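I opened a new structure today and kept notes as I went.

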Amino acid sequence: MDDHGTAGVWALHGIRLHTADLDLRVMTEADLPVLAHVMPADLELNPHATRYAGLDEAANRRAVLAQGYWRALGMWSPDDWALPFVARAGGEVVGAQWLEGPDWTSERTVDSSSWLVAEARGRGFGKQMRAAVLALAFGHLGAVAAISSAVVGNGSSLGVSRALGYRDTHRSVLEHSGETLQHVRLEAPAWSASGVAHGVVVDGVAPALPLFGLTEGSR
Ligand SMILES: CC(C)(COP(=O)(O)OP(=O)(O)OC[C@H]1O[C@@H](n2cnc3c(N)ncnc32)[C@H](O)[C@@H]1OP(=O)(O)O)[C@@H](O)C(=O)NCCC(=O)NCCS
């Protein structure tokens, strides 16, 4: 099915985000094989996801990727949603960027996570991907804040947050690994004041607003 056809069934697939170097489209089932192929080995996947004893590690990682995608769109609700994007540079898939709205109706706060293939790191793409979904959240969905978190040693993930104006809030300890997690937060006024939304072009949101519990006039 082409993009237009997919968007006709599920309006989220009509959302497009463009940055200086990247094009972000909402993940479709057709993206899963290439994502499974390029997904980096150092990417830590959801530790609570189902693992299958009869599958090797690589096959289990592909299963976590696929079930994560289906769960996100299959379990979608305006109160608790997770929107996965595929990032392309020059037409090549370079990574994935998630935007999440847990308790969206009451909190209007978004979370995010992302990964890039090794060759695409350290070139500002991580910052562009995050800025793209923040432009969607703050500029089109009426988010009041964005949060994020990463283990304290993950300099590039925390570097993206800090470069975009997030402030440290608190630390916690991951139950499954004992690692320390740094939590960060960015308020909508700080995002607007920073002007970093410039350069991000957001298209195709209006038909999808009802899926976020919004209408054109309600933001
Ligand atoms: C996290 C990730 C998406 C970041 O993307 P990236 O393209 O490498 O990061 P960028 O080049 O956009 O760098 C963003 C900022 O962080 C800074 N930064 C990058 N690496 C850093 C490091 N190790 N320590 C400190 N700062 C760092 C950069 O200088 C830049 O800040 P600036 O714009 O003020 O100069 C990417 O590195 C990745 O895929 N990592 C593996 C998966 C992962 O850990 N995901 C996050 C899970 S929470």
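**Entry 1: the ligand.** I looked up which residues surround the ligand. There are 21 around it, and Arg 121, Gly 126, Gly 155, Ser 156 and Gly 159 come nearest. I count a residue as near a molecule or strand if its C-beta atom, placed from the backbone, lies within 6 Å of it.

Two notes on the ground rules. This is a predicted model, so I remember that local features need pLDDT of at least 70, that side-chain atom pairs count only at pLDDT 80 or more, and that totals for chains, interfaces and linings use all residues. Residues are numbered from 1 along each chain as its sequence is written.

**Entry 2: who supplies the shell.** Which elements each give at least two residues to the shell around the ligand? I found β5 (109-116), α5 (125-140) and α6 (155-163). The largest share, six residues, comes from α6. My helices (H or I, at least four residues) and strands (E, at least two) are DSSP runs, numbered from the N terminus.

I then sorted the shell by class. It has seven nonpolar, 10 polar and four charged residues. For this I took Ala, Val, Leu, Ile, Met, Phe, Trp, Tyr, Cys and Pro as nonpolar, Asp, Glu, Lys and Arg as charged, and the others, Gly among them, as polar.

**Entry 3: helix α5.** I checked the length of α5. At 1.5 Å a residue, its 16 residues should span 22 Å, and the end C-alpha atoms are 22 Å apart, which agrees. The expected span is 1.5 Å times one less than the number of residues.

Is α5 mostly covered or mostly open? It is mostly covered, with 13 of its 16 residues buried. Buried means 20 or more other C-beta atoms within 10 Å of a residue's own; exposed means 12 or fewer, and partly exposed lies in between, with C-beta atoms placed from the backbone.

**Entry 4: α5 against α6.** The axes of α5 and α6 come within 9 Å and cross at roughly 55°. I use lines fitted to C-alpha atoms, for helices over the stretch in contact, and angles from 0 to 180 degrees between N-to-C directions. The two helices are therefore oblique to each other. Under 35 degrees would be roughly parallel, over 145 roughly antiparallel, and 65 to 115 roughly perpendicular; the rest are oblique.

I also noted that the crossing of α5 and α6 is right-handed. That is the case if the near helix is turned clockwise from the far one by less than a right angle, and anticlockwise is left-handed.

**Entry 5: after α5.** Just after α5, Gly 142 takes a positive phi of about 75°. Val 144 is in the loop between α5 and β6 (145-151). Val 144 counts as partly exposed, because it has 13 C-beta neighbours inside 10 Å. Val 144 and Leu 186 are 42 residues apart in sequence, yet 8.8 Å apart in space, C-alpha to C-alpha.

**Entry 6: positive phi.** Most residues other than glycine have a negative phi. Asp 103 has a phi near 55°. Its place is the loop between β4 (92-101) and α4 (104-107). Asp 103 is exposed, with 10 other C-beta atoms within 10 Å.

Arg 108 has a phi near 50°. Arg 108 lies in the loop between α4 and β5. Arg 108 is partly exposed, with 15 other C-beta atoms within 10 Å.

Entry 7: Leu 24 is in strand β2. Is Leu 24 buried or exposed? Leu 24 counts as buried, with 25 C-beta neighbours inside 10 Å.

Ala 30 is in the loop between β2 (23-26) and α2 (32-38). Ala 30 counts as exposed, with 11 C-beta neighbours inside 10 Å.

Ala 36 sits in helix α2. Ala 36 is partly exposed, with 16 C-beta neighbours inside 10 Å. Ala 36 and Ala 58 are 22 residues apart in sequence and 9.1 Å apart in space, C-alpha to C-alpha.
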